[in-house]
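Please have the sequence and the model open while reading.

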Amino acid sequence: TDSVEEEDFKTEEKNYVWLRALLSLAATLYGSQLVVDNAVKLAETFGVSSLVIGSTIIAIGSSLPEVAGTIAAARMRKPDIVFGNIFELGDKVIWDHSLSSIENYEELHGFPWLDDLAARGDKAAVEIIQKWVFSWIEKYGSGSGPGWTPKLTSRRLIRLIHHEDTILNGLSEKYISTYFKSIYKHANFISKRFYKTDKLTMNFEAIVGVIYCGLYIEGFERFITVGTEHLSRECRDKIDEDGGILSRNPEELLEIFMYLVWVAHGLHDADWTPSQAHIETINSIAPALRHLRHVDGNLCRFNGSCVKYPGDLDRYLFLSGNKKKTTKILKMGYARMEGGRTSIIQDAGRLPNIPYSNLAHASVLGFELTHGRQPLIVNCGSGVNFGRDWHKAGRATVSYTHLRAHETDSYLVCRLLLEK
């Protein structure tokens, strides 16, 4: 009798769960529609345009089911639902998997994951770091093939040197020897290729890798002089007198600034003096970055920029020692207005030329608005890290707050005005 009653109870409980799930789904969808309908009526009452309604209220309403599901998943401690699809490796390392199925898998060879795992710093993270690093050396460390480009090799080398203590923690002489052999192979590769660039391609990462070799690897000291000379030339050729770059990508400018400040400190610590062009470039970029920063401390999202380095902007501005602000209305083609705790940044410049326009270039006359710590009107930013479809969507005019005149996009209007 007890078993029969228990079976009946379980059946009733299952039916109740299904009923509750269906009712919750219906309530969520109805609530979303209710928010949208009433918000639209309210907006129209105050004369708000359909563009603002479409880009804000409709987006919020259509996202409410996901928000509700995310909150519920977090309360139930189900992080796989909160964060989306999880890539589970089990006991395998990332290099044992078919990397071609991962969007932008080439970037994995630059070891960006090493920074995240090292920041965590616990025993499990250290074990993963050691397993991934040495399995990469075994599979790809020959000096050619995947990951062996000047840019990726420089990124990887800088991280390998920077996290050396973590990588070699508790390992035997065999692994230590393998590590240093790989370091020398990286240094040799970069030293022979870092100067191969053209007038358009940014080469800061590769040059910084060479200087890093000279500063931290025995036998490569001569490359400090060679690297600093090339760095000075790169600063003069790729950074204009106002601290801007041709791509007009604020985040790319921040990356260059970080490298320059980083190298300047490394040279000072090793009793070397950075070149005049190096210091002047740091001092010209710092005010430009302050101009492109909202009141919440984050950079604006235009022309391929996204929130990639949260918190690093203030840190490197402080390390630069430069406290100047610009007095110009335009910096790198962007206008900035600030009042109290509110900032507005607008793209008022020319279109970036090919090949710089291959990330996002449809933001002409678009703007962002931030109040206090809350971004109120933002651009989507680059979708390049989410695959080809999102990359294409991030470049579209509708991914920005934009102006249309008689169904003509703002960038076409701007081009016509500039041609006249």
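Arg120 and Asp122 form a salt bridge whose closest N and O atoms are 2.8 Å apart, a salt bridge being a side-chain nitrogen of Lys or Arg within 4 Å of a carboxyl oxygen of Asp or Glu. The model is predicted, with local features needing pLDDT of at least 70 and side-chain atom pairs counting only at pLDDT 80 or more, while totals for chains, interfaces and linings use all residues. Residues are numbered from 1 along each chain as its sequence is written, and side-chain values use heavy atoms, leaving out hydrogens and water.

Arg120 is exposed at 59% relative accessibility, whereas Asp122 is partly exposed at 30%; buried means under 20% relative accessible area, exposed over 50%, and partly exposed in between (1.4 Å probe, protein chains only). The structure holds 7 salt bridges, including those in the table.

| Salt bridge | N to O distance |
|---|---|
| Arg120 and Asp122 | 2.8 Å |
| Asp115 and Arg159 | 2.8 Å |
| Arg155 and Glu205 | 2.7 Å |

Because Asp115 lies in helix H4 and Arg159 in helix H6, their pair ties together parts that are 44 residues apart in sequence; helices are DSSP runs (H or I, at least four residues), numbered from the N terminus. Arg155 and Glu205 are both buried.

Helix H5, residues 123-140, has 18 residues and reaches 25 Å from its first C-alpha to its last, close to the 26 Å expected, where the expected span is 1.5 Å times one less than the number of residues. Among its buried residues are Trp132, Phe134 and Trp136.

Note on methods:
Helix = DSSP H or I, 4+ residues; strand = E, 2+ residues; numbered from the N terminus.
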